[in-house]
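User: I'm new to this one. Can you walk me through it?

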Amino acid sequence: MIIGVITVVAVLVTRMQQGFDPAPALPAALSLPEGSKPRAVTMGQGWIAVVTDTDRILIFNPDGSQRQEVILAPAQ
């Protein structure tokens, strides 16, 4: 019974390591506009989005260059 439990644990550990995707590559630095601080960061395939405290969403390419900026309208 002990050998069976050890076998099951060994199989689970070796299979779990194969199932995870590698961590996404991050650029060395991202340039935010002066005076803004990041509030949230999310990643998709081929882009990185940073939400700032100045109500902007900045979209960056994987190399760190800015692709797009979205200015959020104030809440009403």
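This is a predicted model: local features need pLDDT of at least 70, side-chain atom pairs count only at pLDDT 80 or more; totals for chains, interfaces and linings use all residues.

User: Okay. How many bridges pair strand 2 and strand 3, and in which sense?

Analyst: Strand 2 covers residues 47-52 and strand 3 covers residues 56-60. They pair over 4 bridges, in the antiparallel sense.

User: Which residue of strand 3 does V50 stand opposite?

Analyst: V50 stands opposite L58.

User: What is the order of the strands in the open sheet?

Analyst: The order is 1-2-3-4. The sheet is open, has 4 strands and pairs them antiparallel.

User: Why is one side of strand 1 and of strand 4 left without a neighbour in the sheet?

Analyst: Strand 1 (38-44) and strand 4 (66-71) stand at the edges. Each has a single partner strand, so one side of each has no neighbour in the sheet.

User: By how many degrees are neighbouring strands turned against each other?

Analyst: On average, 15° in this sheet, with direction ignored.

User: What holds strands together in general?

Analyst: Strands of a sheet pair through backbone hydrogen bonds, either parallel or antiparallel.

User: Back to this one. How many bridges join strand 3 to strand 4?

Analyst: There are 5 bridges, and the two strands run antiparallel. In one of the pairs, I59 has Q68 of strand 4 as its bridge partner. L58 stands opposite E69 in strand 4. L58 is also the residue opposite V50.

User: Now the turns. How many residues lie between strand 2 and strand 3 in their hairpin?

Analyst: 3 residues lie between them. D55 is in that turn and has a positive phi of about 60°.

User: New topic. How many salt bridges does the structure hold?

Analyst: It holds 1. The side chains of R56 and E69 meet there, at 3.1 Å from N to O.

User: Where in the chain are R56 and E69?

Analyst: R56 is in strand 3 and E69 is in strand 4. They are 13 residues apart, so the pair links distant parts of the chain.

User: What lets side chains like that pair?

Analyst: Side chains of opposite charge can pair when their charged atoms come close.

User: Are R56 and E69 buried, exposed or in between?

Analyst: Both are partly exposed. R56 has a relative accessible area of 27%. E69 has 35%.

User: Is T52 buried or exposed?

Analyst: T52 is in strand 2. T52 counts as buried, because its relative accessibility is 3% and the cut-off is under 20%. The T52 side chain makes a polar contact with the side chain of T54, at 2.9 Å.

User: What about the loop between helix 1 and strand 1? Is S36 there buried or exposed?

Analyst: S36 is buried, with a relative accessible area of 11%. Its side chain reaches the backbone oxygen of P33 at 2.7 Å.

User: And K37, buried or exposed?

Analyst: K37 is in the loop between helix 1 and strand 1. K37 is exposed, with a relative accessible area of 56%. The C-alpha atoms of K37 and D53 are separated by 5.6 Å. Along the chain, K37 and D53 are 16 residues apart.

User: Last one. Which residues form the nonpolar patch on the surface?

Analyst: M1, V5, V9 and V13. Together they have about 440 Å² of accessible area. M1 lies in the segment before helix 1 (2-19). M1 is exposed, with a relative accessible area of 89%.

Definitions and conventions: Residues are numbered from 1 along each chain as its sequence is written. Side-chain values use heavy atoms; hydrogens and water are left out. Two strands pair if DSSP finds at least two bridges between them. Axes are lines fitted to C-alpha atoms, for helices over the stretch in contact, and angles run from 0 to 180 degrees between N-to-C directions. Patches are made of residues with over 30% relative accessible area and no salt bridge: like charges are joined within 9 Å, nonpolar side chains (Val, Leu, Ile, Met, Phe, Trp, Tyr) within 5 Å. Accessible areas come from the Shrake-Rupley method with a 1.4 Å probe; for residues, only the protein chains shown count as cover. A salt bridge is a side-chain nitrogen of Lys or Arg within 4 Å of a carboxyl oxygen of Asp or Glu. Buried means under 20% relative accessible area, exposed over 50%, partly exposed in between (1.4 Å probe, protein chains only). A polar contact is a pair of N or O atoms within 3.5 Å; within protein, one must be able to donate a hydrogen and the other to accept it, and residues adjacent in sequence count only if both atoms are side-chain atoms.
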